[in-house]
Amino acid sequence: MSNTLQAIRGMNDILPDQTPVWQFVEDTLREVLSSYGYREIRMPVVEKTELFKRSIGEVTDIVEKEMYTFEDRNGDSLTLRPEGTASCVRACIQHGLVNNQVQRLWYTGPMFRHERPQKGRYRQFYQVGVEVFGLEGPDIDAELIIMTARFWKRLGLGDVTLQLNSLGTVEARTRFKAALVEYLKANFEQLDDDSQRRLETNPLRILDSKNPDIQALLGEAPQLSDYIDDDSKAHFEAFLSLLDAAGVAYEINPRLVRGLDYYGRTVFEWVTDQLGAQGTVCAGGRYDALVEYLGGRATPAVGFAMGLERLIALLENQQAVFPAAEPHLYIVAMGDSAQREGFLIAERLRDSLPWLRVQTHCGGGSFKSQFKKADRSGAQYALVIGEDEVVRGEAGIKPLRERSEQQSVLFDDLPVHVAQLFGHGTD
Ligand code: HAM
């Protein structure tokens with residue numbers, strides 16, 4: 001083993017046994033997104049480093065220490081995307097999608113962050129992200145939340161709770177930040193090293209601290225909610241009343257600030273206590289200033305992203321059952337002419353029954369060894385062809401999962417017979 005090459009730490013292979021649950025999650029999300037009128041956008045995995053520095057913020061954890069940044073052969077500084085919002089905004093500005101238009105968009109794909117890997121935290125991980133441009137009212141914030149609640153319902157996920165906060169406008173937050181820094185400076189000795197460092201770089205992140213002493217100190221600190229401007233307050237109230245009307249439960253968490261700089265007004269996280277420390281499965285909020293900041297026309301925006309590994313871990317915890325991907329039929333054929341016939345029958349079946357999963361045995365071998373493989377494939381039936389069957393123009397259909405007799409079926413009758421076996425029509 002020591003000489004064989006391994007995947008990079010924190011970057012996982014997703015093996016064939018695991019892909020059915022991934023496909024179930026992706027298909028379900030795609031269906032729900034399209035039922036709300038969201039359209040897919042695909043962006044490159046690599047962007048100019050400057051894009052992430054400017055949008056996520058120079059003094060965030062992501063930009064300070066987690067980006068995979070490299071020089072390409074032209075000497076340009078490029079970065080593997082740590083998230084999708086910045087790229088999505090860049091693409092929309094570049095292609096004129098945010099000039100007085102409403103866009104409801106989604107994307108999926110791998111993101112890259114050089115974090116310390118642990119359960120639920122990886123260096124390559126998958127997100128499904130959603131971004132809406134051109135709508136400033138609280139109704140779209142509510143639509144996003146209601147849609148995520150529908151995701152959980154359709155996926156069969158329980159045990160996720162919604163946390164909400166409003167960050168107010170940039171001005172409100174700047175005033176709050178000044179008051180918070182003043183308070184924390186007066187109590188500098190009580191801050192741990194991390195918070196002392198953050199006081200200089202990104203003081204709002206101190207609110208996120210897991211240290212109970214810091215949380216106690218923050219109990220007496222100025223509260224963000226006292227600094228929120230009236231418009232943002234009204235926006236938040238209207239948003240909450242829509243959630244109440246739709247019956248979506250939430251908790252208001254005044255310490256929720258998020259780790260990326262572009263947010264203002266509504267922020268939210270869906271969290272679970274079933275995944276240990278990495279319990280946030282979905283997070284996002286408003287970022288009304290970002291499009292203009294990156295060179296586009298002023299355009300309100302709101303969105304979120306879900307971590308697929310975490311959603312899948314949660315589903316696996318709940319022992320959900322996923323649609324099978326095993327073959328329906330495994331074709332066992334003995335002898336040259338039977339093998340050729342088997343190939344052609346498989347093709348004809350695929351022509352007439354597009355839903356059917358047929359696997360043809362390749363590589364010859366005895367009936368016994370072929371049946372072993374048929375059994376291992378998980379197929380429900382073996383379709384058996386020997387030289388005699390070729391002469392008679394019929395195949396044997398042998399149940400592999402129950403004790404019952406093999407039946408003989410004429411080649412020409414196979415599509416109808418197989419469709420009946422699985423309770424389908426032939427078209
Ligand atoms: P984020 O909070 O950085 O936000 O990431 C969103 C979600 O991605 C997290 O809640 C988590 O489920 C998943 N995630 C993040 N890092 C990792 C990791 N290292 N390993 C596994 N999963 C991870 C954003 O990325 C924003 N772009 C969301 C957004 C979209 N805001 C507005 N629009």
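Tutor: Let's start with Asp 159, which counts as partly exposed because its relative accessibility is 48%. (Buried is under 20% relative accessible area, exposed is over 50% and partly exposed is in between, using a 1.4 Å probe and protein chains only.) Before going on, bear in mind that this is a predicted model, where local features need pLDDT of at least 70, side-chain atom pairs count only at pLDDT 80 or more, and totals for chains, interfaces and linings use all residues. Residues are numbered from 1 along each chain as its sequence is written, and side-chain values use heavy atoms, with hydrogens and water left out.

Most residues other than glycine have a negative phi. You'll find Asp 159 in the loop between α5 (138-155) and β7 (161-166). (Helices are DSSP runs of H or I with at least four residues, strands are runs of E with at least two, and both are numbered from the N terminus.)

Arg 265 also has a positive phi without being a glycine, near 55°. Its loop runs between β8 (251-252) and β9 (266-271). With a relative accessible area of 18%, Arg 265 is buried.

Arg 265 brings us to His 235, since the two are in contact (heavy atoms within 4.5 Å). Setting aside neighbours within four places in sequence, His 235 also touches Glu 136, Gly 137, Pro 138, Asp 141, Thr 266 and Arg 286. His 235 is in helix α9 and counts as buried at 6% relative accessibility.

Stay on α9 (residues 230-246) for a moment: Phe 236 and Phe 239 both lie there, three residues apart, about one turn of the helix. An α-helix has 3.6 residues a turn, so residues three or four places apart point the same way. Both Phe 236 and Phe 239 are buried. A search of the whole structure turns up 13 aromatic pairs. In this pair, the ring centres of Phe 236 and Phe 239 are 6.1 Å apart and the planes sit at 40°, so the pair is tilted. (Rings of Phe, Tyr and Trp, taking the six-membered ring of Trp, pair if their centres lie within 6.5 Å; planes under 30 degrees apart are stacked, over 60 edge-to-face, and the rest tilted.) Elsewhere, ring pairs join Phe 151, Trp 152, Phe 268, Trp 270 and Phe 304 into a cluster.

Now for the cores. The largest nonpolar core has 47 residues, and Cys 88, Phe 133, Leu 180 and Leu 184 touch the most other members. (A core is a set of buried Ala, Val, Leu, Ile, Met, Phe, Trp, Tyr and Cys residues joined through side-chain atoms within 4.5 Å.) Phe 239 from our ring pair belongs to a second, separate core of 43 residues, which also includes Val 32, Val 248 and Val 302.

Leu 180 and Leu 184 are among the buried residues of α6, along with Ala 172 and Phe 176. The buried residues of α6 pack against α7 (193-201) and α8 (212-219).

As for cysteines, the disulfide count is zero (the rule wants two cysteine sulfur atoms within 2.5 Å). Cys 92 is in no disulfide, and the nearest cysteine sulfur, on Cys 88, is 4.4 Å away. Cys 92 is buried at 1% relative accessibility, while Cys 362 is exposed at 53%.
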